[in-house]
Amino acid sequence: MQPRLQPRSRSGSSSIRTIIKISVVILLVIFGFYFVEKINFPSPQSEISEDVTDKIKKLK
């Protein structure tokens, strides 16, 4: 039989890779929340005050 060309990966290196991947994902989520918080989304200038009780009663 032929010897394997690629040696088996060590279990330690695979666990280190998963830890690195998880930490990268966590960092991306943190940076995402940080940048979304910094963006100023437009908000309405005045509050909408329309009485809709009559419309609700008509729907019932």
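A patch is made of residues with over 30% relative accessible area and no salt bridge, and nonpolar side chains are joined within 5 Å. The model examined here is predicted.

**Exercise 1.** State which residues form the nonpolar patch on the surface.

*Solution.* The patch consists of Ile22, Ile26, Leu27, Ile30, Phe31, Tyr34 and Phe35. Together, these residues have about 730 Å² of accessible area. One of them, Ile26, is placed in helix 1 (residues 11-38).

**Exercise 2.** Determine how Ile26, Phe31 and Tyr34 are classed by relative accessible area.

*Solution.* Buried means under 20% and exposed means over 50%, with partly exposed in between. Ile26 has a value of 47%, so Ile26 is partly exposed. Phe31, at 46%, is likewise partly exposed. Tyr34, at 44%, also counts as partly exposed.

**Exercise 3.** Describe the geometry of the aromatic pairs in the structure.

*Solution.* A pair of aromatic rings is described by the distance of the centres and the angle of the planes. The structure holds two such pairs. In the pair of Phe31 and Phe35, the centres are 6.5 Å apart and the planes form an angle of 25 degrees. Planes under 30 degrees apart count as stacked, and this pair of Phe31 and Phe35 is stacked. Both residues lie in helix 1, four residues apart, which is about one turn of the helix. For Tyr34 and Phe35, the ring centres are 5.3 Å apart and the planes stand at 70 degrees, so the pair is edge-to-face.

**Exercise 4.** Identify which residues the ring pairs link into a cluster.

*Solution.* The cluster comprises Phe31, Tyr34 and Phe35.

Notes: Residues numbered from 1 in each chain as written. Predicted model: local features only at pLDDT ≥ 70, side-chain atom pairs only at ≥ 80, totals over all residues. Heavy atoms only, no water. Patch = residues over 30% accessible without salt bridge, like charges linked within 9 Å, V, L, I, M, F, W, Y side chains within 5 Å. Areas by Shrake-Rupley, 256 points an atom, 1.4 Å probe, with all protein chains shown as cover. Salt bridge = Lys/Arg side-chain N within 4 Å of Asp/Glu carboxyl O. Helix = DSSP H or I, 4+ residues; strand = E, 2+ residues; numbered from the N terminus. Buried < 20%, exposed > 50% of the residue type's maximum accessible area, 1.4 Å probe, protein only. Phe/Tyr/Trp six-rings, centres within 6.5 Å; stacked < 30°, edge-to-face > 60°.
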